[in-house]
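The sequence and structure are shown below.

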Amino acid sequence: MYVGLAAEVDAKALCQVAVRIAREAAELARTVRDEAVTDGAVDTKSTETDVVTAGDRAVERLVRERLAELRPGESVLGEEEGGEGALDGLRWVVDPIDGTVNYLYGFPWYSVSLAAQLDGVSVAGAVVEPVSGRVWSAAAGQGAFLDGRRLRVSSADRLDLSLIGTGFAYAVERRTAQAEVLGRLLGQVRDIRRAGVASLDLCAVGAGWLDGMFEVGLNRWDWAAGALVAAEAGAQLRLPEKGTTDGLGDGMIVCAAPGIAGELTEALLRADAGRV
């Protein structure tokens with residue numbers, strides 16, 4: 001699904017830019033939080049000076065500044081500052097801190113995610129973990145990598161023996177509905193994992209750490225880089241898209257090893273996941 005588009009751009013060069021900037025941004029994210037802890041400022045997300053908000057904004061500003069230097073004139077869509085709505089052409093998509101609640105609490109599982117999309121389709125991306133320093137990257141048609149090691153999805157072929165990741169929304173009503181879906185799904189899988197970082201869940205599928213994942217309500221910046229990593233590692237993807245008719249709704253993402261992708265989709269349909 002990505003190879004044809006990759007021929008229109010230098011996906012490898014774009015990936016190198018994404019890795020370079022995301023690494024620098026990840027270091028800033030970690031530094032901002034460490035300094036806030038030292039100052040005793042990590043407690044809530046109630047004001048503009050809160051560490052989470054300050055970290056998100058500082059990281060996105062850095063990413064935008066570096067892109068302006070290295071890729072001048074190209075548009076940027078970010079979680080904090082928004083961006084142009086049109087999908088046409090080349091556009092960078094940034095999630096400055098994916099997993100802000102983990103970031104707030106000091107749970108060492110959050111990321112900086114940066115992708116280049118052509119006409120709305122990811123062609124290059126990097127997901128960097130500030131705490132561990134791990135770098136996930138992918139370029140369309142050229143594979144996916146973790147710190148230079150090529151990734152491949154798991155060989156899972158039975159849903160009942162598969163480990164599945166997911167995430168929950170902030171709205172109480174939707175979270176309650178999601179819990180009901182999980183209740184119907186739990187008996188059909190090995191187990192469920194909920195780490196709170198969609199970009200890393202997608203990368204984990206690419207690495208075979210998860211056999212599949214699903215989530216509803218993600219924004220483009222949540223999945224733009226991680227979905228490419230998973231796809232280039234061999235995962236089958238069902239991305240959020242308006243006007244879908246498969247019963248899972250417009251906002252659902254499903255990512256899984258090929259051996260269980262169909263079975264997972266069917267199980268989600270039976271669990272009424274499309275109504276969440």
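A residue counts as buried when its relative accessible area is under 20%, and as exposed when that value is over 50%. The model is predicted.

**Helix H5**

By this criterion, the buried residues of H5 are Gln178, Val181, Leu182 and Leu185. Viewed down the helix axis, these buried residues fall within an arc of 100 degrees, so they line one face of H5. The face turned away from the buried side carries the exposed residues Val172, Glu173 and Gly183. H5 covers residues 172-185, 14 residues in total, and its first and last C-alpha atoms lie 20 Å apart, close to the 20 Å expected at 1.5 Å a residue.

| Element | Residues |
|---|---|
| Strand S8 | 163-166 |
| Strand S9 | 191-193 |
| Strand S10 | 212-216 |
| Helix H8 | 258-270 |

Seven strands make up an open sheet of mixed pairing, in the order S1-S2-S3-S4-S5-S6-S7. Strands S1 (75-78) and S7 (149-150) stand at the edges with a single partner strand each, so one side of each has no neighbour in the sheet. Strands S3 (residues 111-118) and S4 (residues 121-128) run antiparallel and are joined by seven bridges. In S4, Ser122 is the bridge partner of Gln117. Helix H7 (residues 220-232) packs on the sheet, where it touches S1, S2 (90-98), S3, S4, S5 (135-139) and S6 (144-146). The direction of H7 makes about 95 degrees with that of S4.

Conventions:
Residues are numbered from 1 along each chain as its sequence is written. This is a predicted model: local features need pLDDT of at least 70, side-chain atom pairs count only at pLDDT 80 or more; totals for chains, interfaces and linings use all residues. Side-chain values use heavy atoms; hydrogens and water are left out. Two strands pair if DSSP finds at least two bridges between them. Helices (H or I, at least four residues) and strands (E, at least two) are DSSP runs, numbered from the N terminus. Contact means heavy atoms within 4.5 Å. Axes are lines fitted to C-alpha atoms, for helices over the stretch in contact, and angles run from 0 to 180 degrees between N-to-C directions. The expected span of a helix is 1.5 Å times one less than its number of residues. Buried means under 20% relative accessible area, exposed over 50%, partly exposed in between (1.4 Å probe, protein chains only). The arc is that of the directions from the helix axis to the C-beta atoms.
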